[in-house]
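Colleague: Could you walk me through this one slowly, please? I'm still learning how to read these.

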Amino acid sequence: MPPPPAPPQLRGVAPAPVAAAPSFLRRPVRTRVRLPAARAAAAAASVPAYQSPDAHDAALLSRAADVADRSAGLTSPHPNFGCVIARPQLEADGAEPLVVGEAFLYAQGTPCAELLAAQEAGEQARGATAYLNLEPGDCYGDSTAIGSLVQAGVTRVVVGLRHPLKHLRGKAIQALRSEGIHVDVLGEDLQSNSFKEALESCLTVNAPLLYRAAFNVPFSVLKYAMTADGKIAATGGHASWVSGKASRGRVFELRGRSDAVIVGGNTVRLDDPRLTARHVKGHVPVRIVMSQSLSLPEEANLWNVNEAYTIVATQRGARRDFQKKLAMKGVEVVEFDMLNPRDVMSYCYDRGYLSVLWECGGTLAASAISASVIHKVYAFLAPKIIGGVHAPTPVGELGMSQMTQAIHLVDETYEQIGRDMLLSGFIQPIPDLSPVIPSVDDMPSVDPKVSPYEANIISFYKTWDTFGAFSNFSPHPIHMPDGNGDYFTWPTVEHYYQAHKFVGIDNPQARTIVQEIKLAKSPEEAARIGRTRQKEFPELVRTDWEATKIDVMYRAIKCKFSTYPSLTDMLLSTAGSVLVEASPHDLFWGGGREGEGLNYLGRLLMQLRSEILGTFPASVEAVDAA
Ligand SMILES: NC(=O)C1=CN([C@@H]2O[C@H](COP(=O)(O)OP(=O)(O)OC[C@H]3O[C@@H](n4cnc5c(N)ncnc54)[C@H](OP(=O)(O)O)[C@@H]3O)[C@@H](O)[C@H]2O)C=CC1
Ligand SMILES: Nc1c(N[C@@H]2O[C@H](COP(=O)(O)O)[C@@H](O)[C@H]2O)[nH]c(=O)[nH]c1=O
């Protein structure tokens with residue numbers, strides 16, 4: 001379907017220069033999705049001058065996927081959305097469309113790509129086409145993406161992938177169509193061979209989300225560095241370093257794109273690793289140690305939680321005295337009935353993780369591969385020989401006796417990095433859910449106004465989950481006073497809550513912290529600043545914080561739900577169900593892993609629900625009764 005013509009009054013009008021993007025969008029583009037060389041060159045030279053409309057569409061969709069990837073390493077992994085708005089240049093036959101706006105979702109809970117791109121395009125968006133690598137739908141109940149495109153006057157939208165999460169799939173496409181916008185979906189309305197690469201880009205940029213949706217585990221990458229004779233360390237276990245500096249730089253980048261990095265107990269004992277992404281000031285993953293015995297050193301770099309958060313996953317009952325010592329240092333210890341890679345991955349899934357990097361030795365790597373939780377491998381090969389019959393190798397015993405049984409990597413790529421070679425490939429190909437996507441009409445309705453949910457317990461946590469809008473990270477700004485009586489639009493409830501730890505303190509440093517939190521680019525950043533400053537400067541936290549924090553939270557969520565009617569509807573649709581914030585680690589606001597948490601956020605939401613329904617007095621003191 002060719003793009004519709006521009007409204008007559010705009011024909012021949014010289015394009016306005018693209019407005020400057022917000023500063024955090026103006027970071028240099030770092031190539032994180034590895035493009036085939038030909039396409040990388042084409043992307044760098046803007047949109048290649050293809051002749052057919054399909055080729056234009058394909059190039060712009062690939063560009064949306066590339067744009068979507070720009071937040072990698074800066075913020076924790078989230079569904080990657082990119083939006084490119086382009087308009088045909090009608091004065092020259094076959095000329096490439098002109099990009100008038102493009103943007104990406106920076107982090108969970110920040111303004112959506114469609115809104116930012118439409119703002120950038122301004123009047124130029126009228127009659128233009130928006131290219132989206134992924135169907136919008138970060139947060140159920142939020143229609144900003146659709147509203148932005150409609151208001152901007154976009155007349156056609158090209159979607160690379162339907163949203164892989166069932167509760168979001170097809171909704172935005174349907175909503176856009178009902179607004180009279182022409183929507184073309186790759187693989188449905190656009191099927192020519194020209195779209196092969198564009199589809200691949202759209203799949204790759206959201207691989208973690210697709211694996212999560214298809215297999216209920218985070219996307220897992222096993223990375224190792226080995227010598228040319230296949231060893232990851234010398235016989236005695238010394239491994240610093242197998243690969244060169246450039247390769248290790250790439251590993252920092254991989255860590256920056258992950259929610260967590262996992263190692264086994266032996267690697268902690270032998271390497272004392274730090275596992276941080278210290279190349280750039282960006283996202284730092286959680287470090288996870290899997291240890292059954294828990295015979296780990298008393299002092300280790302991983303126990304310094306000022307650098308990054310650490311979780312030790314262990315066997316139920318293992319060395320409880322040592323568990324306490326770790327807890328005193330701020331390390332979280334999680335006990336499993338049977339410590340194994342699959343259960344740890346289920347735990348990571350529950351925690352909302354999209355992407356996990358395994359940097360363990362061969363023993364744990366073999367166990368993870370056997371459990372089918374590894375999806376991709378990055379093998380760095382250094383031009384060195386170390387020898388040693390007993391020197392560790394990247395993957396231990398898999399029980400295979402014939403070469404014909406070997407696991408074949410697919411979609412493999414080879415890249416030279418300094419003097420090393422990086423071989424990467426998939427053990428399990430990226431699941432393309434499109435063949436099994438039902439048509440919109442066949443889809444079970446998840447509209448709470450139509451059919452109330454039957455479940456007695458409704459859990460929510462990440463903003464992209466079914467009831468993600470209940471999360472304090474959801475992108476619903478609230479307009480509330482900032483402590484000086486001045487009204488301020490807080491980007492999320494999280495910003496408001498974290499800042500109020502320091503609001504009203506008569507101290508310039510406390511005021512600076514409030515300002516810092518107000519300006520935090522994402523709710524996760526607001527949370528990080530609030531928590532670290534609270535630890536660093538306990539004297540700046542209001543003395544009544546413990547007594548008032550529930551009130552502060554209640555005021556904020558009340559404002560949020562009364563500002564957005566769709567949220568009120570959603571909350572009321574849960575009547576009769578218990579709401580639980582499924583945070584496995586926050587035992588005050590969340591429900592904990594096994595229901596051991598106090599679930600105060602869930603309780604406050606239930607109280608608000610009762611208040612709205614008029615069945616409960618509007619008093620925070622009564623929260624315990626909820
Ligand atoms: N070059 C490279 O890329 C890398 C090299 N290395 C090197 O590898 C060597 C260590 O390798 P390796 O001994 O294999 O260490 P691993 O990192 O694989 O650790 C193995 C340990 O993991 C723990 N574990 C927990 N659950 C399981 C499970 N289900 N299956 C298996 N293990 C589990 C156990 O810890 P516990 O005993 O505490 O119960 C076990 O001893 C070191 O010399 C290190 O330098 C390590 C990583 C990368
Ligand atoms: N030896 C080796 C790697 N080893 C991995 O890196 C960890 C050390 O990370 P850090 O302490 O953050 O520098 C170590 O424990 C192991 O998991 N990685 C590589 O890219 N190349 C190497 O040669």
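Colleague: Where does Ile 85 lie?

Modeller: Ile 85 belongs to strand S1, which covers residues 82–87; helices (H or I, at least four residues) and strands (E, at least two) are DSSP runs, numbered from the N terminus. Please keep in mind that this is a predicted model, in which local features need pLDDT of at least 70 and side-chain atom pairs count only at pLDDT 80 or more, while totals for chains, interfaces and linings use all residues. Residues are numbered from 1 along each chain as its sequence is written, chains are lettered from A and ligands numbered from 1 in the order in which they are written, and side-chain values use heavy atoms, with hydrogens and water left out.

Colleague: Is Ile 85 buried or exposed?

Modeller: Ile 85 counts as buried because its relative accessibility is 0%; buried means under 20% relative accessible area, exposed over 50%, and partly exposed in between, using a 1.4 Å probe and protein chains only.

Colleague: And which residues does Ile 85 contact, leaving aside its neighbours within four places in sequence?

Modeller: Contact means heavy atoms within 4.5 Å, and with those neighbours left aside, the residues in contact with Ile 85 include Leu 98, Val 99, Ala 117, Thr 129 and Val 154. As for distances, Leu 132 is 47 residues from Ile 85 in sequence, and their C-alpha atoms are 8.9 Å apart in space.

Colleague: Switching topic, what about strand S6: how many of its residues are buried?

Modeller: Nine of the nine residues of S6 are buried, so the strand is largely enclosed by the rest of the structure. In a regular strand the side chains alternate between the two faces of the sheet. In S6, Phe 219, Val 221, Lys 223, Ala 225 and Thr 227 point one way, while Ser 220, Leu 222, Tyr 224 and Met 226 point the other way.

Colleague: Which strands run alongside S6?

Modeller: Two strands pair if DSSP finds at least two bridges between them. S6 runs parallel to strand S11 (residues 355–358), joined by four bridges, and S6 also pairs with S12 in the parallel sense over seven bridges. Within these pairings, Leu 222 stands opposite Trp 358 in S11, and Lys 223 stands opposite Tyr 378 in S12.

Colleague: Let's turn to ligand 2, then: which residues come nearest?

Modeller: There are 17 residues around ligand 2, and Lys 223, Val 242, Ser 243, Arg 278 and Glu 359 come nearest, where a residue is near a molecule or strand if one of its heavy atoms lies within 4 Å of it.

Colleague: What polar atoms face ligand 2?

Modeller: A polar side-chain atom of Lys 223 is 2.7 Å from a nitrogen atom of ligand 2, and Ser 243 likewise places a polar side-chain atom 2.7 Å from a nitrogen atom of ligand 2. In the side chain of Arg 255, an N or O atom is 2.9 Å from an oxygen atom of ligand 2. Taken alone, ligand 2 exposes 520 Å², and the protein buries 91% of that; the accessible areas come from the Shrake-Rupley method with a 1.4 Å probe, and for residues only the protein chains shown count as cover.

Colleague: Which helix gives the largest share of the shell around ligand 2?

Modeller: That is H8, with three residues.

Colleague: And ligand 1, which polar atoms does that one meet?

Modeller: One oxygen contact of ligand 1 is to a polar backbone atom of Gly 361 at 2.9 Å, and a polar backbone atom of Gly 265 is 3.4 Å from an oxygen atom of ligand 1. A polar side-chain atom of Ser 367 lies 3.1 Å from a nitrogen atom of ligand 1. Taken alone, ligand 1 exposes 930 Å², of which the protein buries 88%. H9 gives the most to the shell around ligand 1, with six residues.

Note on methods. A polar contact is a pair of N or O atoms within 3.5 Å; within protein, one must be able to donate a hydrogen and the other to accept it, and residues adjacent in sequence count only if both atoms are side-chain atoms.
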